[in-house]
Amino acid sequence: MKTYLPDDKNVKCLGRTMMTENGLWMCYSATGAAFRFHGKVLKIRMLGDDRCENADMDGNLARVKVFADGECKCDVMMNKKETCLSVFDEEQYLDAHIRVMKVSETAMSTVCLKAIETDDD
């Protein structure tokens, strides 16, 4: 497996995002990252902010979706500090346009695209 950081060489930023040493932070709804994928295995590591493990949030957590060629492959509420999203684990090679998007409102916390793990070259 290879690990890629979500920098300007590896992803196209969608909306107003912020790159830090931790990864690509998404605050606003419909912000995220897009990239091309060719491989069998794709995992995306996400970080939540300090609010994600707060039991008092009552379901008001950041929500992230991952799309492959327009089809939703992952839909998760960020209730852990770090989450690994398994998008693909296939026997055949796939080509796909991937979009990682925060779909909740700003008040529901922020999330960070920490890393992209793949067998892709």
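I take buried to mean under 20% relative accessible area. I am working from a predicted model here.

**Glutamate 117**

I started with glutamate 117, and its relative accessible area came out at 14%, so I put it down as buried. I found it in strand S9, which covers residues 111-118. Next I looked for a polar partner: the side chain of glutamate 117 makes a polar contact of 2.6 Å with the side chain of arginine 45. Leaving aside neighbours within four places in sequence, I also noted contacts of glutamate 117 with, among them, Met1, Lys2, Thr3 and Val41.

**The core**

I then turned to the largest nonpolar core, which has 25 residues. Phe35, Leu42, Ile44, Met46, Ile98 and Val100 have the most contacts inside it. I listed the elements giving this core two or more residues, and S9 is one of them, along with strands S4 (23-26) and S5 (31-48).

**Rings**

How many aromatic pairs does the structure hold? I found one. Phenylalanine 37 and phenylalanine 88 are stacked, 5.6 Å centre to centre with 15 degrees between the planes. Phenylalanine 37 is in strand S5 and phenylalanine 88 in strand S8, so the pair ties together parts 51 residues apart in sequence. I checked burial too: phenylalanine 37 is buried at 2% relative accessible area, and phenylalanine 88 is buried at 7%.

Last, I looked for charges over rings. The charged end of arginine 16 sits over the ring of tyrosine 28, 4.4 Å from its centre. For arginine 99, the charged end sits over the ring of phenylalanine 67, at 4.6 Å from the ring centre.

Note on methods. Residues are numbered from 1 along each chain as its sequence is written. This is a predicted model: local features need pLDDT of at least 70, side-chain atom pairs count only at pLDDT 80 or more; totals for chains, interfaces and linings use all residues. Side-chain values use heavy atoms; hydrogens and water are left out. Helices (H or I, at least four residues) and strands (E, at least two) are DSSP runs, numbered from the N terminus. Buried means under 20% relative accessible area, exposed over 50%, partly exposed in between (1.4 Å probe, protein chains only). A polar contact is a pair of N or O atoms within 3.5 Å; within protein, one must be able to donate a hydrogen and the other to accept it, and residues adjacent in sequence count only if both atoms are side-chain atoms. Contact means heavy atoms within 4.5 Å. A nonpolar core is a set of buried Ala, Val, Leu, Ile, Met, Phe, Trp, Tyr and Cys residues joined through side-chain atoms within 4.5 Å. Rings of Phe, Tyr and Trp (its six-membered ring) pair if their centres lie within 6.5 Å; planes under 30 degrees apart count as stacked, over 60 as edge-to-face and the rest as tilted. A charge sits over a ring if NZ of Lys or CZ of Arg is within 6 Å of the ring centre and within 35 degrees of the ring normal.
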